[in-house]
Amino acid sequence: MKPNSVILLIIDGVGDLPTPKTALQAAKKPNMDKLAAEGITGMFSPLGRGIVPGSDTSHLQIFGYEPEVFYPGRGPLEALGIGMELKPGDIAFRTNFGTAKDNKLVDRRAGRIQTEEAQPLQKYLSTKIDDVEIIFRASVDHRGAVIFRGPGLSRHVSDTDPHETGELVKAIPLDNTPEAEKTAKILNKYMEFSMNALGNAEENKLREKNKKLPANILLLRGAGEYREVPSFIERFSIEAACVAGGALYCGVSKYIGMDVFRLPKKNNVEIIREKAVAAAKAAEKYELVFLHVKGCDNCGHDGDFKGKKEMIEKIDKEVIPFIKKSGASIIITGDHSTPVSWKAHSGHEVPILIWSKEERYDKVKKFDELNCMNGGLGHINGCDIMPLILNILKKAEKYGS
Ligand code: ZN
Ligand code: ZN
């Protein structure tokens with residue numbers, strides 16, 4: 001039987017500052033505006049007023065997992081998102097293939113190495129150092145993740161990714177425990193191991209012959225420790241699924257026990273219509289479907305106003321009609337603002353709308369930062385989202401008798 005369901009569309013980094021309009025104000029988006037006119041709107045601070053969210057912590061909070069309690073660090077979320085299996089106590093990192101020359105980092109992305117060129121390098125990079133098993137997996141382009149599995153490890157270690165070209169850096173322990181010291185030591189040994197293995201790789205000799213930058217160093221960052229957390233169904237008694245492309249969003253969803261349908265970019269283009277169709281289909285079976293669209297955040301980081309506006313128009317055309325047809329209630333918001341004038345995340349609120357026959361409507365007619373300030377939801381925080389969803393689904397427990 002088809003459940004009463006909610007599709008939660010998160011448009012990453014959609015909020016903005018007026019320059020002189022915001023991208024949402026400038027975009028032609030008749031479908032979203034219709035949902036706003038028929039629904040209820042407001043302004044949303046995922047982690048609280050003025051707090052600048054990361055995408056990872058914001059999404060955890062949206063799903064009712066307070067980051068102070070449940071955030072494991074970025075590494076494990078990325079590793080889960082690319083399909084790696086983790087065990088409690090594993091230390092995981094995000095990785096980049098880079099190019100080093102004369103002991104200096106000359107490119108953080110190995111000349112923007114492509115997925116099909118990076119995948120064959122994967123086979124060189126899993127190993128065992130002392131009593132620690134190291135498991136590496138390449139994902140998309142220069143990206144990947146690595147797991148350290150063994151006794152006495154800690155997530156309190158610095159990155160071996162210097163985050164800019166120039167001097168290479170060594171990992172250092174970030175506290176004075178023997179665990180952090182051991183992990184930093186293994187990390188530095190692994191850095192040497194990877195430089196040797198990649199330096200001798202046939203694939204890299206061929207790259208150099210073809211005048212491409214060799215992927216001869218693996219840079220690690222974002223250490224985190226994996227642990228098991230109570231699943232979404234245990235905590236909220238609703239079946240939930242995620243439809244996303246980016247590893248992080250799939251990883252967050254897997255971490256909290258949602259079913260994940262991963263639709264990564266094709267030829268570097270985000271395939272938003274397929275995502276919308278998949279979300280609508282998932283809403284036939286799941287009570288909550290989390291649909292993630294990334295593009296607006298990238299445009300915000302690039303300071304690309306036109307790109308952000310066009311992405312919103314594309315979402316309006318290629319996502320909204322499909323999810324609306326599903327008959328599910330719809331919630332649209334973002335995980336934070338990424339103003340084009342800042343080229344970075346900011347602590348400004350994001351507009352939110354709820355379109356549901358189980359919810360009220362207000363007088364707001366357009367979905368943007370200025371109009372939604374007048375909406376009936378008022379100003380809400382991340383911790384309000386799950387109660388609102390449970391109420392719409394009629395799954396909220398009565399408080400008192
Ligand atoms: Zn984000
Ligand atoms: Zn971002």
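User: Which residues coordinate the zinc ion (ligand 2)?

Analyst: In this predicted model, the zinc ion (ligand 2) is held by Asp297 (OD), Asp297 (OD), His301 (NE2) and His345 (NE2), at 2.1 to 2.6 Å.

User: Where do Asp297 and His345 lie?

Analyst: Asp297 lies in helix H12 (residues 295-302), whereas His345 belongs to the loop between strand E13 (329-333) and strand E14 (350-355), so the pair ties together parts that are 48 residues apart in sequence.

User: Are they buried or exposed?

Analyst: Asp297 counts as buried, at 2% relative accessibility. His345 is also buried, with a relative accessible area of 17%.

User: How far apart are the zinc ion (ligand 1) and the zinc ion (ligand 2)?

Analyst: The two ions are separated by 4.6 Å.

User: And what coordinates the zinc ion (ligand 1)?

Analyst: Its donors are Asp12 (OD), Ser55 (OG), Asp335 (OD) and His336 (NE2), at 1.9 to 2.1 Å. The 4 donor atoms around the zinc ion (ligand 1) subtend angles of 101 to 131 degrees, and the arrangement is therefore tetrahedral. The spacing of these donors along the chain is D-x42-S-x279-D-H.

User: Where are Asp12 and Ser55 in the chain?

Analyst: Asp12 is in the loop between strand E1 (6-11) and helix H1 (23-26), and Ser55 is in helix H3, so the pair ties together parts that are 43 residues apart in sequence. Both Asp12 and Ser55 are buried.

User: Changing topic: how many aromatic pairs does the structure hold?

Analyst: The structure holds 10 aromatic pairs. One of them joins Phe63 and Phe232, an edge-to-face pair at 6.4 Å centre to centre with 85 degrees between the planes.

User: Which parts does that pair tie together?

Analyst: Phe63 sits in the loop between helix H3 (55-62) and helix H4 (67-70), and Phe232 is in helix H9 (residues 232-236), so the pair ties together parts that are 169 residues apart in sequence. Phe63 is buried, at 0% relative accessibility, and Phe232 is buried with a relative accessible area of 1%.

User: Which cluster do the ring pairs form there?

Analyst: Ring pairs link Phe63, Phe232, Phe236 and Phe290 into a cluster.

User: What lies over the face of Tyr65?

Analyst: Arg235 lies over that face, at 4.4 Å from the ring centre.

User: What about Ser194: which helix is it in, and what does it contact?

Analyst: Ser194 lies in helix H7 (residues 178-199) and is buried, with a relative accessible area of 1%. Leaving aside neighbours within four places in sequence, Ser194 is in contact with Leu125, Gly199, Asn216 and Leu218.

User: Now the whole chain: how many helices and strands does it have?

Analyst: The chain has 16 helices and 15 strands. Its radius of gyration is 22 Å, close to the 21 Å that the globule rule gives for 401 residues, so the chain is as compact as a globular protein of that length. The C-alpha atoms fill a box of roughly 65 × 50 × 40 Å along the principal axes.

User: What percentage of the residues is buried?

Analyst: Buried residues account for 55% of the 401 residues in the chain. Among contacts between residues at least 6 apart in sequence, 73% join residues at least 24 apart.

Note on methods:
Residues numbered from 1 in each chain as written. Chains lettered and ligands numbered in written order. Predicted model: local features only at pLDDT ≥ 70, side-chain atom pairs only at ≥ 80, totals over all residues. Heavy atoms only, no water. Phe/Tyr/Trp six-rings, centres within 6.5 Å; stacked < 30°, edge-to-face > 60°. Helix = DSSP H or I, 4+ residues; strand = E, 2+ residues; numbered from the N terminus. Buried < 20%, exposed > 50% of the residue type's maximum accessible area, 1.4 Å probe, protein only. Lys NZ or Arg CZ within 6 Å of the ring centre and 35° of its normal. Contact = heavy atoms within 4.5 Å. Donors = N, O, S within 2.8 Å, 3.2 Å for Na, K, Ca; no water. Tetrahedral: all angles 85-135°; square planar, octahedral: opposite > 155°, others 65-115°. Rg over C-alpha atoms; globule rule 2.2 N^0.38 Å.
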